[in-house]
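Hi,

Here is the structure I promised to hand over. Please open it first, then read my notes below.

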Amino acid sequence: MLRREILAIAALSFLPSVVSAQDTVKIGLILPMTGQQASTGKQIDAAVKLYQAQNGTTVAGKKIEVILKDDTSVPDVTKRLAQELVVNDKVAFLAGFGLTPSALATAPIATQAKVVQVVMAAGTSSITEASPFIVRTSFTLAQSSVPMAEWAFKNGIKKVVTLVSDFGPGIDAEKSFSDKFKADGGAIAEALRVPLRNPDFSPFLQKVADAKPDALFVFVPSGAGAQFIKQFVERGLDKSGIRLIATGDVTDDDQLNGMGDVVVGVINTHNYSANHDSAFNKIYVEAFKKANGNLRPNFMSVGGYDGMHLIYEALKKTKGATDGEKLIAAMKGMAWESPRGPISIDADTRDIVQNIYVRKVEKVGGELYNVEFATIPNVKDPVKAAKK
Ligand code: PHB
């Protein structure tokens, strides 16, 4: 045998592993699977698995492999995991991000490595500005808070106390609600900020009782709503005549049914309800529950499900190419139907455009649901829209 042929055969014997590595596209999915934000991790992980069960694990001839990592919602851990996923696993996508600080801590890695970062949960407006490689499939707090302020003033509420978790999305919720409510002619009696970690709402609720507003506007992150409602009742605020209004993070489908009848009638605004009336959502809820021991999907789950759709469709457009710039270009302007309704990715901001629904908590078939009764279509992030 000629030396050339020997070398060719030797090279060929290496080929299968090389080809299989190139034929696999890896997604590093970083979520809080334990700790205070664990429900977000559980919901998104379940939605990602459901998407792959329904749509397969091959796209544009490539095998899609999801690598799940638990960041316990500690941003330093998120960052380290993102670095390892990029350097060691050579992921083409970083995805997940249960809390704003985790998404922000990862942004410089996405920029440096030119890896697309799909934010499936976190909701602070500024996140998409932290890297040109970030795209969001969740929501922003301003998207829900502005319509809540508008509804409140139109419905006779003139004086409000705001109560939010003291970090990015809470500050956004407070500011966007207050700005709109005051512009319409309402008054903010007090703006209360509660620590994110292990919150005790009692002292803050005492201040609310003393201020005697027409309504209390609340944002707490997914997973903290039940604790808030418990203390709201313990302080007797449910019988105080002060109306509770909120972003849908509070009346979260993940916990709503356990909150009790005290939340019946609470008006809130958000992007997704498990009760959303569409054929696609009915299929989604049924399949999600079936695969997860009857767990009801919440708004975090659709961020994960749609994030996977965005990744799959972008790969189809690039014909399997994993160049970050090409993938982001493919994602810009993409529009599709989600279980929450029609959604798209704003081509300028890479942020999500979606309907926001005004909902009322009601009993449906013996269970508590957020029942949508008004729709504000195609809402862009109001914070970014105001900057233009
Ligand atoms: C966030 O960290 O941005 C966040 C987390 C949970 C929510 C909303 C926003 O429900």
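The shell around the ligand divides into 10 nonpolar residues, 5 polar and 1 charged. Here Ala, Val, Leu, Ile, Met, Phe, Trp, Tyr, Cys and Pro count as nonpolar, Asp, Glu, Lys and Arg as charged, and the others, Gly among them, as polar. In total, 16 residues surround the ligand. A residue is near a molecule if one of its heavy atoms lies within 4 Å of it. The closest are L99, T100, G123, S222 and D249.

A word on the source: this is a predicted model, where local features need pLDDT of at least 70 and side-chain atom pairs count only at pLDDT 80 or more, while totals for chains, interfaces and linings use all residues. Residues are numbered from 1 along each chain as its sequence is written, and side-chain values use heavy atoms, with hydrogens and water left out.

Now the polar contacts (pairs of N or O atoms within 3.5 Å). A side-chain N or O atom of T100 is 2.5 Å from an oxygen atom of the ligand. For the side chain of D249, the distance from an N or O atom to a ligand oxygen atom is 2.5 Å. G123 uses a backbone N or O atom, 2.7 Å from an oxygen atom of the ligand. The protein covers 100% of the 280 Å² of accessible area that the ligand has on its own (Shrake-Rupley method, 1.4 Å probe).

Next, the sheet. Strands are DSSP runs (E, at least two residues), numbered from the N terminus. Two strands pair if DSSP finds at least two bridges between them.

Which order do the strands take in the open sheet? The 6 strands run β2-β3-β1-β4-β5-β6, with mixed pairing. β2 and β6 (134-136) stand at the edges with a single partner strand each, so one side of each has no neighbour in the sheet.

- β1 (residues 24-31) and β3 (residues 62-70) pair parallel over 8 bridges. G28 stands opposite I67 in β3.
- β2 (residues 58-59) runs antiparallel to β3, joined by 2 bridges. T58 stands opposite K63 in β3. The two strands form a hairpin with 2 residues between them, and A60 in the turn has a positive phi of about 50°.
- β4 (residues 93-96) and β5 (residues 116-119) run parallel, joined by 4 bridges. F93 has V116 in β5 as its bridge partner.

Best wishes

Methods. Polar contact = N/O pair within 3.5 Å; in protein donor to acceptor, adjacent residues only side chain to side chain.
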